[in-house]
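Here is a short briefing for a reader who is new to this structure. Keep the sequence and the 3D view open while reading.

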Amino acid sequence: MQKVRVGIIGAGRIGKIHVDNLLRLPQVEVAAVSDLFAGPELEAWAAARGIASVTKDSSAIIANPDIDAIFICSSTDTHVPLIQQAAAAGKHIFCEKPVSMDIKQTMEATQAVEEAGVKLQIGFNRRFDHNFKRIAEHVQGGTIGSTHIVKITSRDPNPPHKDYIRVSGGMFMDMMIHDFDMARFVSGSEITEVYAQGAVLIDPAFSEYGDVDTAVVSLKFANGAIGVIDNSRQAVYGYDQRVEVFGSKGSVSVTNDYPNTAEISTAEAVYRDKPLHFFLERYQAAYEEETRMFIDCIVYDKPVPVSGNDALGAERAALAAKLSLQLQRPVKTDEAVQLAEQHLHFA
């Protein structure tokens, strides 16, 4: 079988995760890696994995006629031009979320992909989690009837560094965007309206950049269901990831993953281990599965499971939440772009 030859753009933490997952697939060859800070350390890392080419120039990878697909794992501000260049070169594309901080730019990127006739998959890895997939399957299969309420909790174990806060795009676009996508995924419906409330309760650094570290967002869906998402940048007991969908015939919910299922009972207390510490542990299998499915879509010419339209749906909800927090009122997702243009600091 002819192998799918892949080039990686951006060799930070997430880029390296994708490389290692790709190397586990027999039908894949990782042909090249690019990173602006490529040097002897990255060259040694790549050589240990049999990757022949390491460069600082992403255009060299895109222009390489022997490369079939590009993984874009670089900073968010580079995603749109790289998608456009890769599409023009006829490469299939996997891009980490979000596609951009500007919905109009994301639309331009998805249009370039459509015109080129290549595949674009977005890195919303939580869709591939073994727990969350089961929720979506039960909702879509009618097990719980029509959807009434969606509840999502997502809390990180530790807040990010100040340097990251400055460039992250804010809680809604950086962190809660996963939950907006999850809400769309498990409900099977578009988010039509959001109402956000937020506060700085953990680290004053968030307020320096107009961000919050604690937020609750209520949702309305096109199918009539309502929902709520709560986020925190610090849960002292570990990575907290829970989802529940309640419907006319019942409910389906999943709780956290743990290192083991042992529960210790003594005269003093009943206790167990804390949840898996962070996303690398919690979602390792999901990262592997999203990579495998992307390659399968190339090999067997199938539609990707997470498209550019999914990126747009989550980004609209994130922008609407940001505007809602600022304006202190509910915001419909279909008015978010126009409102952002009226309030230029959101554009």
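## Helix α5 and its surroundings

At the start of α5, a side-chain oxygen of aspartate 102 comes to within 2.9 Å of the backbone nitrogen of lysine 104. The model is predicted.

**Helix α5**

- Helix α5 covers residues 103-116, 14 residues in total.
- At 1.5 Å a residue, α5 should span 20 Å, and its end C-alpha atoms are 20 Å apart, so the two values agree.
- The buried residues of α5 are Ile103, Thr106, Ala109, Thr110, Ala112 and Val113.
- Just after α5, glycine 117 takes a positive phi of about 70°.

**Serine 189**

- Serine 189 sits in the loop between α9 (177-187) and β8 (191-199).
- Its relative accessibility is 10%, so serine 189 counts as buried.
- A polar atom of the serine 189 side chain lies 3.3 Å from the backbone nitrogen of alanine 222.
- Leaving aside neighbours within four places in sequence, serine 189 is in contact with Arg184, Phe221, Ala222 and Asn223.

**Asparagine 231**

- Asparagine 231 belongs to strand β10 (residues 226-232).
- Asparagine 231 counts as buried because its relative accessibility is 2%.
- Asparagine 231 and serine 154 are 77 residues apart in sequence, yet their C-alpha atoms are 5.1 Å apart in space.
- A polar atom of the asparagine 231 side chain lies 3.1 Å from the backbone oxygen of serine 154.
- Beyond neighbours within four places in sequence, the contacts of asparagine 231 include Met171, Met175, Met176 and Asp179.
- Asp213, Thr214 and Ala215 are also among the contacts of asparagine 231.

**Salt bridges**

- Side chains of opposite charge can pair when their charged atoms come close.
- The structure holds 26 salt bridges.
- Arginine 49 forms one with aspartate 20, and the closest N and O atoms are 2.7 Å apart.
- This pair links distant parts of the chain: arginine 49 is in the loop between α2 (40-47) and β3 (53-55), while aspartate 20 is in helix α1 (residues 13-23), 29 residues apart.
- Arginine 49 is partly exposed at 28% relative accessibility, and aspartate 20 is partly exposed at 27%.
- Aspartate 240 forms a salt bridge with arginine 242, with the closest N and O atoms 2.7 Å apart.
- Aspartate 240 is buried, with a relative accessible area of 1%, whereas arginine 242 is partly exposed at 30%.
- Aspartate 296 forms a salt bridge with arginine 292, with the closest N and O atoms 2.6 Å apart.
- Both aspartate 296 and arginine 292 lie in helix α12 (residues 284-299), four residues apart, which is about one turn of the helix.
- Aspartate 296 counts as buried at 12% relative accessibility, while arginine 292 counts as partly exposed at 31%.
- Salt bridges that share partners join Arg127, Asp181, Arg184, Glu190 and Asp310 into one network.

**Surface patch**

- Ile149, Ile226 and Phe246 form a nonpolar patch on the surface.
- Together they have about 240 Å² of accessible area.
- Isoleucine 149 is in strand β7 (residues 147-155).
- Isoleucine 149 is partly exposed, with a relative accessible area of 33%.

**Backbone geometry**

- Most residues other than glycine have a negative phi, and most peptide bonds are trans.
- A cis peptide bond joins lysine 97 and proline 98, with omega at about -20°.
- Proline 98 lies in the loop between β5 and α5.
- Aspartate 301 is not a glycine, but it has a positive phi of about 50°.
- Aspartate 301 is in the loop between α12 and α13, and it counts as exposed at 60% relative accessibility.
- Glutamine 328, also a residue other than glycine, has a positive phi near 60°.
- Glutamine 328 is in the loop between α13 and β15 (331-332), and it is exposed, with a relative accessible area of 65%.

Conventions: Residues numbered from 1 in each chain as written. Predicted model: local features only at pLDDT ≥ 70, side-chain atom pairs only at ≥ 80, totals over all residues. Heavy atoms only, no water. Patch = residues over 30% accessible without salt bridge, like charges linked within 9 Å, V, L, I, M, F, W, Y side chains within 5 Å. Areas by Shrake-Rupley, 256 points an atom, 1.4 Å probe, with all protein chains shown as cover. Salt bridge = Lys/Arg side-chain N within 4 Å of Asp/Glu carboxyl O. Helix = DSSP H or I, 4+ residues; strand = E, 2+ residues; numbered from the N terminus. Buried < 20%, exposed > 50% of the residue type's maximum accessible area, 1.4 Å probe, protein only. Expected span 1.5 Å × (residues − 1). Polar contact = N/O pair within 3.5 Å; in protein donor to acceptor, adjacent residues only side chain to side chain. Contact = heavy atoms within 4.5 Å.
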